[in-house]
Amino acid sequence: MTTEAVIAEILAAHPREQSALLPILHDVQAEFGYVDAAAERIIADALNLSRAEVHGVVSFYHDFRSAPDPRPVVQICQAESCKARGIDTLMQAARDAAGERVRLAPVYCLGLCSVGPNARVRDQLHARLDEAQLVSLVKAQ
Amino acid sequence: MSGTQDRLVYMANQIARNFAVQGEAVAIAATARHILDFWDPRMREAILAGDRAGLSDIAAGAIARLQASP
Amino acid sequence: MGYEPQADFGTPEVRADTQVTLTIDGRSVTVPAGTSVMRAATTSGGAIPSLCATDSLAAFGSCRMCLVEVEGMRGTPASCTTPVAQDMIVRTQTPRLEKLRRGVMELYISDHPLDCLTCSANNDCELQDTAAEVGLRDVRYGYAGAHHLGQQPDLSNPYFLFAPDKCIVCSRCVRACDEVQGTLALSVEGRGFASKISAGQRADDFLSSDCVSCGACVQACPTSALMEKSVKEHGKPERAVITTCAYCGVGCTFRAEMRGEQLVRMVPWKDGKANRGHSCVKGRFAWGYAHHQDRITTPMIRESVDQPWREVSWDEALAFTAGRISAIKAQHGARALGGITSSRCTNEETFLVQKLVRAGFGSNNVDTCARVCHSPTGYGLKTTFGTSAGTQDFDSVMDADVILVIGANPTDAHPVFASRMKRRLRQGAQLIVIDPRRIDLVRSPHVQAAHHLPLQPGTNVAVLTAMAHVIVTEGLADEDFVRDRCDWDEYQDWARFVSDPQHSPEFLEAVTKVPAAELRAAARLYATGGNGAIYYGLGVTEHSQGSSTVMAIANLAMATGNIGRPGVGVNPLRGQNNVQGACDMGSFPHELSGYRHISDGATRTMFEQDWGVALDPEPGLRIPNMLDAAVDGTFKAIYIQGEDILQSDPNTHHVAAGLAAMDCVIVHDLFLNETANYAHVFLPGSTFLEKNGTFTNAERRIQPVRKVMEPANGLEDWQVTQALANALGLGWAYTHPAQILDEIARLTPTFAGVSWDRLEREASLQWPVNDQFPDGAPVMYVDGFVRGKGHFVVTDYVPTDEKTGPRYPLLLTTGRILSQYNVGAQTRRTANTAWHPEDVLEIHPLDAENRGLKEGDWARLASRTGETSLRVSVTDRVAPGVVYTTFHHPETQANVVTTDYSDWATNCPEYKVTAVQVTPSNGPSDWQEDYAGLTARSRRIAAEPAE
């Protein structure tokens with residue numbers, strides 16, 4: 001199926017209302033791993049939004065990528081509690097372990113403030129990380 | 001529409017055709033009135049003097065009325 | 001007037017029935033309920049620092065500069081988003097507020113270049129002003145950390161630049177594009193520190209985005225992030241003059257901001273009642289033609305059109321012209337002479353041209369370009385309502401519940417009004433579009449027509465009759481209104497006619513190609529959806545039944561009671577700035593000013609006494625009849641002011657033959673236009689920036705045009721006409737257009753209360769202005785029709801004689817595009833060509849495929865009348881069997897293919913329907929090449945004045 005046809009299927013599964021924009025973007029991101037300029041245009045046209053509006057929304061959320069990035073992602077919390085619990089001291093080791101192969105994405109709070117430092121891979125949460133655990137988590141991807 | 005005479009006949013018929021829905025008597029009077037109101041004298045003189053074979057019944061009636069009381 | 005930016009009250013005006021009184025800094029202030037504290041403070045003489053607020057936009061509350069203290073409220077609320085309350089006590093300046101504001105300001109300035117001295121907004125910058133107001137003395141943060149300085153500007157738009165390093169991301173530009181213009185071309189890209197104003201998508205610049213260059217974002221910007229390139233070039237203006245735009249019939253008023261005689265920029269005037277502070281790419285930016293090198297500023301004459309032009313003095317040119325006119329009059333009589341007034345010139349100028357023809361030449365052979373655009377409006381609305389004008393003001397659209405647009409493309413041709421209309425549509429009004437083409441209004445971001453009826457070109461009357469059928473047979477007519485306001489017998493005749501099953505949507509579907517169910521739904525919506533307002537344009541008038549269509553529209557409005565209050569009505573969208581005015585001024589051959597027939601003895605006597613001459617009581621020739629008479633040898637001389645009939649009128653070959661047959665063609669224009677190829681005399685004209693006078697827009701609003709610089713040719717256009725009159729011995733002695741306006745008021749009952757002094761005081765007046773309507777009439781027929789009872793006219797659908805067939809199987813219809821204006825004489829001489837460098841032919845994919853045509857290919861466009869060549873654009877905006885183009889470029893000469901067919905009542909040409917064939921082509925047609933040669937020969941100007 002062409003990209004257009006896949007997006008059309010996604011659009012067909014949602015109401016043609018502006019409020020459907022975020023769910024549609026999530027589906028497109030999940031399907032392709034990104035929401036590129038062409039997808040923005042198709043979605044804008046379908047919902048009768050301007051392409052600037054859709055681009056504004058896509059670019060606002062870090063979860064939406066504008067281009068494919070095949071690397072696995074490890075989200076590491078950088079918010080206040082995790083900072084207080086020492087995430088900064090672990091980051092260099094995490095970066096070394098990731099190299100170019102794994103993408104480390106900063107996030108701000110995963111809702112587990114009392115048990116940080118925390119990270120997330122896909123839908124799996126990881127708490128009470130020390131350097132070795134974080135490095136092995138990165139390497140496991 | 002080559003010459004001016006052809007064009008005048010065409011115009012008169014077109015006016016008449018648009019008034020025709022109001023019935024022949026009203027249409028003849030309205031067409032005559034329209035030509036009197038909006039046509040330059042040389043155009044009226046030309047259509048009065050020219051060949052009327054191409055005129056519709058209503059247009060011909062209007063021209064005849066103008067002839068009677070210009 | 002000196003140069004002061006217009007006062008900004010921070011948030012929009014609120015209309016409310018109840019008033020609220022509060023105390024601000026010890027002052028008692030009373031404002032309408034719902035007003036913001038900021039507006040209450042600023043309108044009562046106070047000032048609150050702010051950056052993200054401006055009174056054209058809804059309050060946003062992001063900049064945190066406008067904080068205030070309110071007794072009994074916790075914290076420091078933003079005054080822009082806090083509505084007033086009864087007995088509220090507000091303080092706008094306290095030590096705590098000072099400290100807060102200074103802290104916020106310090107953060108703004110920590111990421112803003114400190115190059116104020118060399119900045120194009122220096123001394124005209126809200127950021128600078130606000131820094132001063134809050135007493136910022138120190139910035140502690142330095143530039144060592146992350147910042148946005150050094151980012152490269154976007155220079156893609158020809159008229160303004162975007163400098164992201166100067167941007168404070170207040171989002172005023174984004175909101176202006178959304179709320180004021182309604183294009184939504186801008187957004188904030190990214191988030192947090194990375195937030196950046198972005199046009200279109202990531203890879204776009206302003207030019208490649210959806211931006212229509214209306215200038216609203218530039219006007220809204222508080223810094224120099226969005227700035228006119230002309231200000232960068234010329235510096236800050238030192239004075240501002242309020243004047244009226246000379247492009248379309250919306251009639252926007254602008255501040256012409258000047259340095260000396262240099263126009264620095266045109267900024268829409270917020271107090272202008274037609275545009276309410278908005279503008280489009282033409283009026284705002286496309287004024288460079290005024291100084292274009294093609295402009296002719298010296299009079300020129302020649303014995304015959306095969307000779308080169310000879311530059312001469314005004315005296316010699318006028319003597320030559322007067323000599324020729326007098327000789328022709330002596331030999332052929334007064335009726336061999338005539339003139340054409342211009343809808344681009346002022347009321348005073350058109351009045352003088354028709355006076356010159358009637359009183360000086362001695363004939364009534366005066367016509368105007370409205371002949372080829374809105375003459376059916378004059379006929380149709382006069383016949384039904386009694387007055388040749390639209391019924392509403394533009395503000396009225398904000399009270400409409402159902403908007404019916406037929407044969408008009410407002411977003412391209414009347415963009416500033418279209419933005420108002422779109423604002424109302426976003427508020428929830430419903431839209432019906434009747435147009436062969438899927439115009440932008442049918443579907444564009446946040447606007448979606450409830451019904452689009454894509455009718456076959458030439459079937460307007462059938463569609464409107466079918467709508468009337470639905471309204472009458474389904475019992476949706478407002479019979480109480482009709483009995484009260486209209487002739488009941490005529491209504492019954494009309495109702496009987498439209499009720500005939502042969503006028504049902506189902507029966508007429510074969511003709512109109514409009515699905516009957518859709519048409520029925522549209523008719524029901526118009527009749528029952530609340531206030532129904534009809535807006536129409538040349539897609540109504542430029543047909544063989546243009547006048548019938550106007551009357552059919554009027555019938556619909558009367559039958560549904562949609563007349564006589566805000567939010568309803570019948571509204572012609574006028575093409576040119578002064579079409580309404582030119583028609584009002586007696587530019588038609590059968591009418592004196594105020595639409596009074598030349599045969600009316602009392603009216604004629606009034607003019608004869610005032611002018612001291614006898615007038616011909618017979619109607620004169622219309623433009624097409626003038627050309628016929630010229631070919632026949634009875635019409636010999638024409639004075640054409642500000643009009644290019646060779647390019648704008650139908651059947652170019654016939655126009656050329658008529659002009660070639662005349663002995664004296666006088667062209668009075670800014671440029672050597674296409675008509676001037678056949679001229680013997682060229683009188684240089686002045687632009688709207690170089691003259692005083694008045695224009696009357698589509699809502700009957702008379703507005704002053706003011707001279708901001710001396711005419712490059714030395715004379716305002718009315719002075720040229722007066723000089724010609726005096727060369728003919730008429731002895732006119734006007735010294736200012738105000739005197740001409742007095743004469744108009746003296747002789748025209750609907751203008752009786754209009755004067756230059758009053759316009760100076762009141763800025764605009766909507767006629768009629770007289771004893772009955774001393775302050776004018778924004779909405780007409782509030783208390784009944786002028787003619788007594790509204791007049792229903794039975795309009796029978798008569799198909800045009802221009803028919804498709806095997807040789808010419810497609811229907812060509814024509815229209816406009818946003819960036820260009822009319823024949824393009826002005827806009828082609830500006831940077832607007834960045835958006836529309838040539839005319840293209842829109843063709844449906846099926847028709848293109850059948851002909852082996854691809855996007856961008858050259859195609860030959862041929863009709864029974866002629867042929868031309870242009871590039872194609874393949875699009876399903878047009879239906880199969882229909883093709884579409886514009887006529888802005890003389891190289892294309894779209895009117896080579898249009899025919900002689902015209903409206904039955906007014907001879908307005910049938911531009912909108914021509915049977916054509918489209919075939920692949922290698923390039924320009926023979927006619928285009930011949931014509932290019934003729935133009936080159938004809939435009940020669942002798943290097944040295946002849947001995």
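Q: What makes β17 and β20 of chain C a strand pair?
A: Strand β17 (residues 430-434) of chain C joins β20(C) in the parallel sense over three bridges. Pairing asks for at least two bridges, so with three bridges β17(C) and β20(C) count as paired. Within this pairing, Ile434(C) stands opposite Leu453(C) in β20(C). Bear in mind that this is a predicted model.

Q: Why is the sheet in chain C called open?
A: Its five strands come in the order β20-β17-β16-β21-β22 (chain C), and the pairing is parallel. β20 (451-453) and β22 (570-572) of chain C are at the edges, each with a single partner strand, so one side of each has no neighbour in the sheet.

Q: Which strands does helix α12 of chain C lie across, and how does α12 run relative to β16(C)?
A: Helix α12 (residues 415-426) of chain C lies across β16 (402-406), β17 and β21 (532-536) of chain C, and runs at about 140° to β16(C).

Q: And what about helix α13 of chain C?
A: Helix α13 (residues 460-473) of chain C lies across β16, β17 and β20 of chain C, at about 155° to β16(C).

Q: What makes β6 and β7 of chain C a pair, and which way do they run, parallel or antiparallel?
A: Four bridges link β6 (residues 186-189) and β7 (residues 196-199) of chain C, and the two strands run antiparallel. The cut-off is at least two bridges, so four bridges qualify β6(C) and β7(C) as a pair. Val188(C) is opposite Ile197(C) in β7(C). The hairpin of β6(C) and β7(C) has six residues between the strands, and Gly190(C) takes a positive phi near 80° there.

Q: How many residues does each side bring to the contact of chain C and chain B, and how much area goes under?
A: Chain C gives 34 residues and chain B gives 22 residues. Together they bury about 2400 Å², with 50% of that on carbon and sulfur atoms.

Q: Why is Glu618(C) with Arg44(B) called a salt bridge?
A: The closest N and O atoms of Glu618(C) and Arg44(B) are 2.9 Å apart. The limit is 4 Å, so this pair falls within it. The count between chain C and chain B is four salt bridges, and the rule also finds 14 residue pairs in polar contact across that interface. Helix α22 (residues 623-632) of chain C supplies the largest share of the side of chain C that touches chain B, four residues. That side divides into 13 nonpolar, 12 polar and nine charged residues.

Q: What does the contact of chain A and chain C look like in numbers?
A: It takes 19 residues from chain A and 23 residues from chain C. The buried area is about 1600 Å², and carbon and sulfur atoms give 41% of it. On the chain A side, Asn48(A), Arg51(A) and His55(A) lose the most area to chain C, together 40% of what that side buries.

Q: How do you know that Arg51(A) forms salt bridges with Asp204(C) and Asp210(C)?
A: Check the closest N and O atoms: they are 2.7 Å apart for Asp204(C) with Arg51(A), and 3.1 Å apart for Asp210(C) with Arg51(A). The cut-off is 4 Å, so each of these pairs passes. Asp210(C) sits in the loop between β7 and α5 (216-220) of chain C, while Arg51(A) is in helix α4 of chain A. Across the interface of chain A and chain C the rule finds three salt bridges, along with 19 residue pairs in polar contact.

Q: Which helices of chain A supply at least two residues each of the side that touches chain C?
A: Those are α3 (37-47) and α4 (51-60) of chain A. The largest share, seven residues, comes from α4(A). The side of chain A that touches chain C divides into six nonpolar, eight polar and five charged residues.

Key. Residues numbered from 1 in each chain as written. Chains lettered and ligands numbered in written order. Predicted model: local features only at pLDDT ≥ 70, side-chain atom pairs only at ≥ 80, totals over all residues. Heavy atoms only, no water. Contact = heavy atoms within 4.5 Å. Buried area = accessible area lost by both parts, 1.4 Å probe. Salt bridge = Lys/Arg side-chain N within 4 Å of Asp/Glu carboxyl O. Polar contact = N/O pair within 3.5 Å; in protein donor to acceptor, adjacent residues only side chain to side chain. Nonpolar A, V, L, I, M, F, W, Y, C, P; charged D, E, K, R; others polar. Axes fitted to C-alpha atoms, helices over the stretch in contact; angles between N-to-C directions.
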